[in-house]
Amino acid sequence: MHIRGDHAKLVVGGRLDVRSAADARTALHTAVDSGRGDLVLDLTELDSWDATGLGVIMGAHRRAGRANRRLVLRNVPPQMQRLLVATRLHRILAIEAVAPRGERL
């Protein structure tokens, strides 16, 4: 798993699972605590996540809310999008897609 970016946009890649959860949690909390406005998580490079990884995302969502910020998931891969719909988390999380040329849909 790798996370790169700053307090406004992070690119998450690899596997977000029980093995990488602690590092991911630390990176996300640092980004939430050190910025203002939306925090965008670009998931284009994310290969997979498990229940622990999804818990990290939800924890960051809650922390962002307490900091008067919004966590936005961008470019969620289709199989992960299906999981968010199945668990109804798509109703709680802010999810957006970006057109191929970088234009918002």
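This is a predicted model: local features need pLDDT of at least 70, side-chain atom pairs count only at pLDDT 80 or more; totals for chains, interfaces and linings use all residues.
Leu41 touches Leu10, Val12, Leu28, Ile57, Leu71, Val72, Leu73 and Arg74, leaving aside residues up to four places away in sequence; a contact here means heavy atoms within 4.5 Å. Leu41 lies in strand 3, where helices (H or I, at least four residues) and strands (E, at least two) are DSSP runs numbered from the N terminus. With 0% relative accessibility, Leu41 counts as buried. The cut-offs are under 20% relative accessible area for buried, over 50% for exposed, and partly exposed in between (1.4 Å probe, protein chains only).

Residues are numbered from 1 along each chain as its sequence is written, and side-chain values use heavy atoms, with hydrogens and water left out.

Ile57 leads on to helix 2. Gly53, Leu54, Val56, Ile57, Met58, Gly59, Ala60 and Ala64 are the buried residues listed for this helix. They pack against strand 2 (9-16), helix 1 (21-33), strand 3 (39-42), strand 4, strand 5 (71-74) and helix 3 (78-86). The geometry of helix 2 (residues 51-66) checks out too: at 1.5 Å a residue its 16 residues should span 22 Å, and the end C-alpha atoms are 23 Å apart, which agrees. That expected span is 1.5 Å times one less than the number of residues.

Asp47 belongs to strand 4 (residues 46-49), and this residue is exposed, with a relative accessible area of 52%. Beyond the residues up to four places away in sequence, Asp47 touches Gly14, Arg15, Gln79 and Met80. Met58 is 11 residues from Asp47 in sequence and 18 Å from it in space, C-alpha to C-alpha.

Then there is the matter of backbone angles. Most residues other than glycine have a negative phi. Asn75, in the loop between strand 5 and helix 3, has a positive phi, near 55°. Asn75 counts as partly exposed, at 22% relative accessibility. Arg88 also has a positive phi, near 65°, and is found in the loop between helix 3 and strand 6 (94-96). With a relative accessible area of 51%, Arg88 is exposed.

Zooming out, the protein chain has 3 helices and 6 strands, arranged along the sequence as β-β-α-β-β-α-β-α-β. Its radius of gyration is 13 Å, close to the 13 Å that the globule rule gives for 105 residues, so the chain is as compact as a globular protein of that length. The radius is taken over C-alpha atoms, and the rule is 2.2 Å times the number of residues to the power 0.38. Along the principal axes, the C-alpha atoms fill a box of roughly 30 × 30 × 25 Å.

Buried residues make up 41% of the 105 residues. Of the contacts with a separation of 6 or more, 66% involve residues 24 or more positions apart. The accessible surface (Shrake-Rupley, 1.4 Å probe; for residues, only the protein chains shown count as cover) comes to about 6000 Å², with 49% belonging to carbon and sulfur atoms.
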